[in-house]
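Visitor: I would like to learn how to read a protein model, starting with the whole chain and ending with a single residue. Can we go through one together?

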Amino acid sequence: MQKRPELQLVNGVVMPQVGFGTFKVEEGKQVVDAVCYALQAGYRHIDTAAVYGNESGVGAAILKSGLPRKAIFITSKVWNADQGYDQTLKAFEQSLAKLGVEYLDLYLIHWPKTAAKTADTWRALEELYMNGKVRAIGVSNFKEHHLTTLFETARVKPMVNQVELHPQFSQAKLIEFCQQHDIIVQAWGPLMQGKVFDIAVLKELAIKYTKNVAQIVLRWHVQKGIAPLPKSLHQARIIANLAVFDFELSQADMQIIDALETGVRIGPDPDKINF
Ligand code: NDP
């Protein structure tokens, strides 16, 4: 099987750059099939979360694949209602049990809460990390100010920040900040949750490179050193979304995509969440 690009986290852990997303993939047959397609296609990085309610199916698909545990990079996330030191340790054990694994590769705080709550949650992640239950720890949906606050109490800095990131919301400043702090950025909603396909300029680039719009956009992420996590239920799309390593966008075309920035999110603003 072709070896695909990986990113190295600050602690040396290696993560396949393109991961498979599982948000809104139903527990049971739907998630088992989708993750099986992904593993067959060559994805070795699966992104789930306790709140997606599909960790058991993700685990079942991994088992079904027959691949050794260490061949797959598995991420899960502690949900907002489970934040706090004790609750997080408990939530982590539940995720492990549902996934049917002994350790996670990456565990993230799903959304920032109050500074005090987040600090307590982070302490639990640090403990899991130091005890070898998880190979890397990080956060999700953290803005610069959330990270700066976390740095005040953290003993171990987050290694990853998973945020909304696509051509219309490209997070240039946050990427720069994360790079300065050795934090790898993962992109959720890399395909704008399906809205990317309506953008005319991307359709033109797809014709120019004889690729599809999803491949153009995911290649843009890859060339920026970001880890995109595309989700699909369809086998052909799952395969296509990983086929982004046999072409290169020119600098001029990268800038054309950068110019699509609108500053408008498709998902919630982490400063305004009410869940
Ligand atoms: P994506 O940007 O990955 O878009 C998924 C949508 O695009 C689906 O409707 C899918 O439809 C469609 N699609 C995918 N590939 C193609 C293709 N090649 N051609 C046409 N349509 C396509 O959105 P997500 O919100 O799922 O984000 C990706 C992952 O990021 C999630 O699955 C999850 O793991 C993570 N995430 C994390 C969040 C966080 O707060 N940390 C928040 C949201 C997501 P179909 O399935 O029918 O193919």
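Guide: What follows goes from the overall fold to one residue, and the model is a predicted one.

Visitor: How many helices and strands are there in the protein chain?

Guide: The protein chain has 10 helices and 10 strands. Its radius of gyration is 18 Å, close to the 19 Å that the globule rule gives for 275 residues, so the chain is as compact as a globular protein of that length. The C-alpha trace spans about 55 × 40 × 35 Å along its principal axes.

Visitor: What percentage of the residues count as buried?

Guide: Buried means under 20% relative accessible area. By that cut-off, 55% of the 275 residues are buried. The accessible surface comes to about 12,000 Å², and carbon and sulfur atoms account for 53% of that surface.

Visitor: What share of the contacts joins residues 24 or more positions apart?

Guide: Among contacts with a separation of 6 or more, 74% are between residues 24 or more positions apart.

Visitor: Now a single residue. Where is Gln17 placed, and is it buried or exposed?

Guide: Gln17 sits in the loop between β2 (14-16) and β3 (20-21). With a relative accessible area of 4%, Gln17 falls under the 20% cut-off and is therefore buried.

Visitor: Which backbone oxygen does the side chain of Gln17 reach?

Guide: That of Ile226, at 2.9 Å. Leaving out residues up to four places away in sequence, Gln17 touches Pro5, Glu6 and Leu7, together with His221, Val222, Gly225, Ile226, Ala227 and Pro228.

Definitions and conventions:
Residues numbered from 1 in each chain as written. Predicted model: local features only at pLDDT ≥ 70, side-chain atom pairs only at ≥ 80, totals over all residues. Heavy atoms only, no water. Helix = DSSP H or I, 4+ residues; strand = E, 2+ residues; numbered from the N terminus. Rg over C-alpha atoms; globule rule 2.2 N^0.38 Å. Buried < 20%, exposed > 50% of the residue type's maximum accessible area, 1.4 Å probe, protein only. Contact = heavy atoms within 4.5 Å. Areas by Shrake-Rupley, 256 points an atom, 1.4 Å probe, with all protein chains shown as cover. Polar contact = N/O pair within 3.5 Å; in protein donor to acceptor, adjacent residues only side chain to side chain.
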